[in-house]
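Trainee: Can we go through this one together? I'd like to start with the charged side chains.

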Amino acid sequence: MGRIAHHLVRWLLVSLLVWGGSNLARAAEYRPLPPAAAPGLSADNWLLHDATGNRLILYLPGYHAPAHAYYQWVRLLPRQPFQLAFAAAPGLSLFLDNQLIFTAAKAGRYTIDLAALAAAAPASRPHLLAVWQPDGYPSLSTFTSEVAVAARTTVRQPAVTGRAVLRLPPAQSENVLLVLLLLLGLLYGVVRSAYPAGLARIFQVNELFGSSAEPQSFLARPAFTWLNLGLVVLFSLSLALLLTALHTDFSSLPLLQQVLNVPDSAIVMRVLLYTSLILAFIFGKYILVELLSYIFDLRPLVNLHYREFLRTTLLLGLLLPIVLLLYLGLNDHWTPIVGLANGFVLLLLTLTVLRVARTLHQRASLLNLHLFAYLCATEVLPLAVLLKLIVFTYPA
């Protein structure tokens, strides 16, 4: 009888321990992560939903794959606004405590006050903010918050503290760009092997920076040859790679964001898109020069103008793969490389315009108001548009 009682007591103790352990595990499994210590949004506190464990886990960029939904605990101060600013693609939705509070009807930048939308909810407890993009991935780097903590004082918490807002994701995107950069180098090698004499004529630096007014052999040849077309495609691809690295998301390019719907994670699609746009610009430039030369009665300058534009662009474009390689290597360790890479794009566009102006000035003085107006229409105005679209797009 004593042995039976002893076994019965031991069985009850084991059952009690198993039951208590399962309850503790279940409680730990569904316990939410603690909210951010300070009011506002933090780039380091985004969460993902783990379907296997039915819980929220910390999102680690470069380790976790991109997701359609991200979460973050936020704390709202009583009677204090919580301004949330972000860039959204069409269909992006925000939820606060599982309640839909916003849906983007079109692409653009938005600012909403979370505190006003959650006025009925108690401010003493943390609130779960959810960002959901059903047909793409939210651009977390554009989310910033501004929380008023006292009268006439604000605490601004940028999404990425101390670093440029538009940066390259460190994992999959970098690998894709490196592979495409290697392919670009191989293509340049193939062109060099197939057209050694033609490349030597194009890339004569002494003629480019020389002061002689004599006709140069390159400028006297036809503008469109198989070699020139191949080099234009390679230049477009190299500039597209650099622009893809610099512009992590389309929120910095409002015009493209309004017209095109390309996910930020589709790196190859974005490279092809940029390449197509650059090619369209280069060939469209010839149509523009032809049209305006007819209007300004400067038809003899068409071939000279466009050939100088091509030569300067292709020669400076040889440095683009080097700039991209430096950007990919130093982006995580030396933040000024973002500005330097952007500055090189500015230098490329500006030097091309200056070189074209110098060549045209050697044939006809730019003091002639007729020629000056033609140069402004064909070079200066497109330069201003390009600088606004692809260079001066970063927030201060």
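Mentor: Start with Arg311 and Glu308, which are both buried (under 20% relative accessible area; exposed is over 50%, partly exposed in between, with a 1.4 Å probe and protein chains only). The model is predicted: local features need pLDDT of at least 70, side-chain atom pairs count only at pLDDT 80 or more, and totals for chains, interfaces and linings use all residues. Residues are numbered from 1 along each chain as its sequence is written, and side-chain values use heavy atoms, with hydrogens and water left out.

Trainee: Where do Arg311 and Glu308 lie?

Mentor: Both are in helix α9 (residues 302-317), three residues apart, about one turn of the helix. Helices here are DSSP runs of H or I with at least four residues, strands are E runs of at least two, and numbering goes from the N terminus. The two side chains form a salt bridge at 2.9 Å, N to O (a side-chain nitrogen of Lys or Arg within 4 Å of a carboxyl oxygen of Asp or Glu).

Trainee: And what links Glu308 and Arg355?

Mentor: Another salt bridge, 3.3 Å from N to O. Glu308 lies in helix α9 and Arg355 in helix α11, so this pair ties together parts 47 residues apart in sequence. Arg355 is buried, as is Glu308.
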